[in-house]
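Okay, thanks for coming, everyone. Let me put the structure up, and then I'll talk through a few spots in it.

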Amino acid sequence: MHVILFEDDRVVNLYPITIGRPAFYISVGSMRLLNLARQFGDMVELVARPHLRAILREDFPFAWSPSKGERKGPILFINARTAPREGLFNAWRALTTGQFERGAILRSENSIAAAIVNDPRILPHQEIGCSQLLGLIQDLNLPEVELFEPIRLLERPSDAIRYHLSFISENLNSRIARGDYQEIRDGLFVPKDEAKRPTIGDCFVTDASEGPIILSEDVKIGPFCFIRGPVFVGARSKIIEHSAIKDYVSISTTCKVGGEVEATTIEPFSNKQHHGFLGHSYVGSWVNLGAGTCNSDLKNSYNEVQQETPAGKFPSHMQFLGCVIGDYSKTAINTSIFTGKTLGACCMCYGFVTTAVPSFVNYARSFGQITELPVELMTLSQERMFLRRNVQQRPCDKQLIRDMYELTRGERQLANEPLAL
């Protein structure tokens, strides 16, 4: 099976998450769509926005390219905004049973969620753009099918949190079922390979009554920590002493996390080492939250939280919603982030975050100061961050920062708005 993951024109509605990240590489419920697609298909092809192509070739050399030969049918097209969950396999199998002569299409919220095409010759033997690919699928006029359980697509940044809460238990149970883990106490699972077992400090308390806890390879748990599942901690991550990690948390690889964290996704190489509350939030990669940084995830009125982004306010369909933080952003000590706020990529925040924060700004609005961050400063900061984790900065990494800066130039026109509580 040849699988094509494709981004559509709505992927920009997921900013800041997707400014420098393809939609199929968003963590939801501890899983990424790309990883699921690789389990389903023999060959995976990645169709993304132009500014991401160079870094995708570097990071995912296994993906199909014209040098690897002809595509072999049938071809399964999957929208990159699909919220990853184990149950997707059933939907994809239903499309690939062979009952459709030319193929079939599956829609969700007026978008193409997936499609099956039996003849690979509809595609040119070359890399193809997102718009061209969608046009080819539309022109086929394939019959539409409906499934018993619809596929969920990410429409706004808050959906990455909403579906994370819905799918994490299912996804963790599927990880355990594959047999990669061993249960060492009630509901606590670690790698079977003893050489990869986590290091656990004294007085470690777990509660798996509401869902399992998975600690991946080479995880370090400090003394006097509490974890209540469902929780996933990725490889080489560290949980700081006296931490409380509870209720629907997914921590990716090589992170350092302390304080109180609840119902949150943290992407790779991000740090929240110190005290402070982080709840019902999404934190991108290479983010650092200063000591005492806290966010609110519940309005005093208990109403539905509106997601506030530089593009406007949108319904979240959630009573509890914290913040969404883009890649490479930082907060200073004692930063307070109001309910439902979005912090762009490559921004630095101080004091009270009472509005959406544009990308590439120094945000100290409560002190009357907002200034633009030069792109040269952010590429230099990227190099320094990488060196701290023994990661080599590549030309494509620096170019991605420059592209992110240009893509978000319009956001920074909002910086002259008055303070809004």
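This is a predicted model: local features need pLDDT of at least 70, side-chain atom pairs count only at pLDDT 80 or more; totals for chains, interfaces and linings use all residues.

Residues are numbered from 1 along each chain as its sequence is written, and side-chain values use heavy atoms, with hydrogens and water left out.

So, Phe269 again: phi is near 65 degrees, positive in a residue other than glycine. Phe269 sits in the loop between strand E20 (265–266) and strand E21 (271–272); helices (H or I, at least four residues) and strands (E, at least two) are DSSP runs, numbered from the N terminus.

Trp286 isn't a glycine either, yet has a positive phi of about 60 degrees. Is Trp286 buried or exposed? Trp286 counts as buried, at 9% relative accessibility. Look for Trp286 in the loop between strand E23 (282–283) and strand E24 (288–289).

Next, the cis peptide bonds. One runs from Tyr15 to Pro16, with omega near 10 degrees, and Pro16 is in the loop between strand E1 (2–6) and H1. Another joins Gly229 and Pro230, omega about 5 degrees; Pro230 is in the loop between strand E13 (226–228) and strand E14 (231–233).

Now the helices. H1 (residues 33–40) and H3 (residues 88–95) pack at about 45 degrees, axes 11 Å apart. Those axes are lines fitted to C-alpha atoms, for helices over the stretch in contact, and angles run from 0 to 180 degrees between N-to-C directions. That makes H1 and H3 oblique to each other (under 35 degrees is roughly parallel, over 145 roughly antiparallel, 65 to 115 roughly perpendicular, the rest oblique). On the H1 side, Leu33, Leu36, Ala37, Gln39 and Phe40 meet Leu88, Phe89, Trp92 and Arg93 of H3, contact meaning heavy atoms within 4.5 Å.

Last, the cores. The largest nonpolar core has 69 residues, and Trp92 and Leu95 are among those with the most contacts inside it; a nonpolar core is a set of buried Ala, Val, Leu, Ile, Met, Phe, Trp, Tyr and Cys residues joined through side-chain atoms within 4.5 Å. Apart from that core lies another, of 33 residues, including Cys323 and Cys347.

Conventions:
Buried means under 20% relative accessible area, exposed over 50%, partly exposed in between (1.4 Å probe, protein chains only).
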